[in-house]
Amino acid sequence: MDFAVPQTPKLLAMVSHGDEQAELPLLLRVCAALVGFGYTVTVLDGSVLETTDNPGLEQLLNFTFTQSTGTEAPSWSILPAGLGLQSLAAAHRHGGPGLGDCGSFFPLESVVIIYANAHSLTPLIKGSQTRPLLAMSAAKTSLLTTYLALKRLLLKAKVEPTIVNMVDPSKPAQAHSTTPTSLSDCAKYFLNYDVFPIHITAPMGDERPSPSIERLALGLLENAMSLETGWAYAPPQQNRQSFSSLAASGRH
């Protein structure tokens with residue numbers, strides 16, 4: 001099934017809050033669903049720092065690295081982005097270009113997904129229409145970390161996430177367990193916010209995306225941010241500061 005490819009890349013976001021057993025399988029299936037719809041996808045992994053041997057977003061911003069082009073380019077890929085996301089947030093705070101100006105760095109992609117913690121995402125998507133994906137599970141710490149991420153997104157980023165409760169297929173009754181209810185109670189009491197999680201059975205092995213995950217992916221696209229091509233920094237030349245050095249003073 002092919003959908004119309006957007007003229008500029010669309011940005012989605014997924015929150016990393018320490019529940020990788022819920023987050024990563026869902027992220028991979030969302031990517032697979034988007035590829036199945038005919039989109040080309042790049043994930044910017046904010047949990048991994050770029051290095052010389054493993055370049056990513058930071059090197060793209062400094063024009064010292066380019067992704068594969070042509071027929072050899074994969075339908076979806078993952079780039080380390082921990083430093084690059086920090087640079088973008090710092091530059092934007094000081095009046096420089098922001099995430100929404102990065103479309104020119106992804107000429108072949110139709111969808112770009114940021115996977116990062118709520119602290120890193122906040123300055124990048126603040127006040128946007130993006131509804132970052134926030135996955136939770138019945139893991140012991142998932143309720144607390146999901147709540148803390150939800151609190152930051154609502155109060156600091158001013159965005160509402162799409163909350164997904166990943167249900168263990170061996171425990172179908174988990175969909176009606178106390179975990180989503182407890183999150184709803186906490187959010188209502190402390191944040192005056194109503195939580196309506198989407199219940200999705202956690203994928204097993206290499207199975208294809210389920211219809212519920214396909215519907216989720218399409219729903220995320222409806223609220224995606226467009227990445228425009230208004231990048232203001234030229235490729236570095238001799239005696240010219242790189243984008244990272246200009247942004248470094250604003251990092252924290």
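Contact here means heavy atoms within 4.5 Å. Keep in mind that the model is a predicted one.

**Stop one: α1 and α7**

Select α1, residues 20-36, and then helix α7, residues 211-222. Look along the two axes where the helices pack. They lie 9 Å apart, and the angle between them is about 80 degrees. Angles of 65 to 115 degrees count as roughly perpendicular, so α1 and α7 are roughly perpendicular to each other.

Now show side chains at the contact. From α1, pick Leu-26, Arg-29, Val-30, Ala-33 and Leu-34. Facing them in α7 are Ile-213, Glu-214, Leu-216, Ala-217, Leu-220 and Leu-221. Colour this contact of α1 with α7 by class: nine residues are nonpolar, two are charged and none is polar.

**Stop two: α4 and α5**

Move to helix α4, residues 118-125, and helix α5, residues 142-157. How far apart are the axes of α4 and α5, and at what angle do these helices pack? The axes are 10 Å apart and the angle is about 25 degrees. Angles under 35 degrees count as roughly parallel, so α4 and α5 are roughly parallel to each other. The crossing of α4 past α5 is right-handed.

Show the side chains again. α4 contributes Ala-118, His-119, Thr-122 and Ile-125 to the contact. α5 contributes Ala-149, Arg-152, Leu-153, Lys-156 and Ala-157. By class, the contact of α4 with α5 has five nonpolar, two polar and two charged residues.

**Stop three: the second largest pocket**

To centre the view, select Gln-21, Ser-137, Ala-138, Ala-139 and Asp-168, which lie nearest the pocket's centre among its twelve lining residues. Next, highlight α1 (20-36) and β6 (162-167), the elements that each give two or more residues to this lining. Finish with a class colouring of the pocket lining: six residues are nonpolar, three polar and three charged.

Note on methods
Residues numbered from 1 in each chain as written. Predicted model: local features only at pLDDT ≥ 70, side-chain atom pairs only at ≥ 80, totals over all residues. Heavy atoms only, no water. 1 Å grid on protein atoms, 1.4 Å probe; cavity = no way out; pocket = protein on both sides within 12 Å on 5 of 7 lines; lining within 4 Å. Helix = DSSP H or I, 4+ residues; strand = E, 2+ residues; numbered from the N terminus. Nonpolar A, V, L, I, M, F, W, Y, C, P; charged D, E, K, R; others polar. Axes fitted to C-alpha atoms, helices over the stretch in contact; angles between N-to-C directions. Parallel < 35°, antiparallel > 145°, perpendicular 65-115°, else oblique. Left-handed = near helix turned anticlockwise from the far one by under 90°.
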